[in-house]
Amino acid sequence: VQTKKKGVFYSQPIIMFAQLQKTFPEINEEIILKIFEGFQENVEEANSILTWLTENTTNVKQQQQLVQLYKNFGLQLEKTVISQTWNNCNQIYGDTMAKLREMCATSDPNELNVNEIYTCKK
């Protein structure tokens with residue numbers, strides 16, 4: 001990713017992206033790029049999300065699923081609510097998605113009781 005300004009190409013975004021790759025070697029490169037671009041090259045925000053991914057996933061499929069959950073619910077719910085629900089649903093994407101939808105539909109996300117929302121029914 002290069003930025004052009006007054007006829008000169010700047011490689012600062014490439015350097016920032018490379019630094020994220022070095023910092024998060026366990027995160028898939030495509031996911032790092034998607035997050036980096038999604039946050040309009042804001043390294044601090046990207047770093048926060050990548051750290052969160054590292055703490056809550058073990059493989060590329062889980063990384064992709066958790067990124068998708070964040071994209072779907074990140075504006076309505078805190079990352080901690082998403083990750084706690086993800087973990088309590090045994091990292092099963094469909095169950096987590098259903099539970100997060102239910103939480104958003106039935107309550108004010110700002111008033112969620114963290115002791116009540118984290119269980120997924122079997």
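In which handedness of crossing does helix 3 pass helix 4? Helix 3 passes helix 4 in a right-handed crossing, the term for a near helix turned clockwise from the far one by less than a right angle. This is a predicted model, in which local features need pLDDT of at least 70 and side-chain atom pairs count only at pLDDT 80 or more, while totals for chains, interfaces and linings use all residues. Residues are numbered from 1 along each chain as its sequence is written, and side-chain values use heavy atoms, leaving out hydrogens and water.

The axes of helix 3 (residues 43-56) and helix 4 (residues 60-73) come within 10 Å and cross at roughly 130°, where helices are DSSP runs (H or I, at least four residues) numbered from the N terminus and axes are lines fitted to C-alpha atoms over the stretch in contact, with angles from 0 to 180 degrees between N-to-C directions.

In the loop between helix 3 and helix 4 lies T57, which is buried, with a relative accessible area of 11% (buried means under 20%, with a 1.4 Å probe and protein chains only). The side chain of T57 reaches the backbone oxygen of L53 at 2.7 Å, and T57 touches Q62, Q63 and L66, not counting residues up to four places away in sequence (contact means heavy atoms within 4.5 Å).

I31, in helix 2 (residues 29-38), is buried as well, with a relative accessible area of 6%. The C-alpha atoms of I31 and Q64, 33 residues apart along the chain, are separated by 7.0 Å.

Terms used: Helix = DSSP H or I, 4+ residues; strand = E, 2+ residues; numbered from the N terminus. Buried < 20%, exposed > 50% of the residue type's maximum accessible area, 1.4 Å probe, protein only. Polar contact = N/O pair within 3.5 Å; in protein donor to acceptor, adjacent residues only side chain to side chain.
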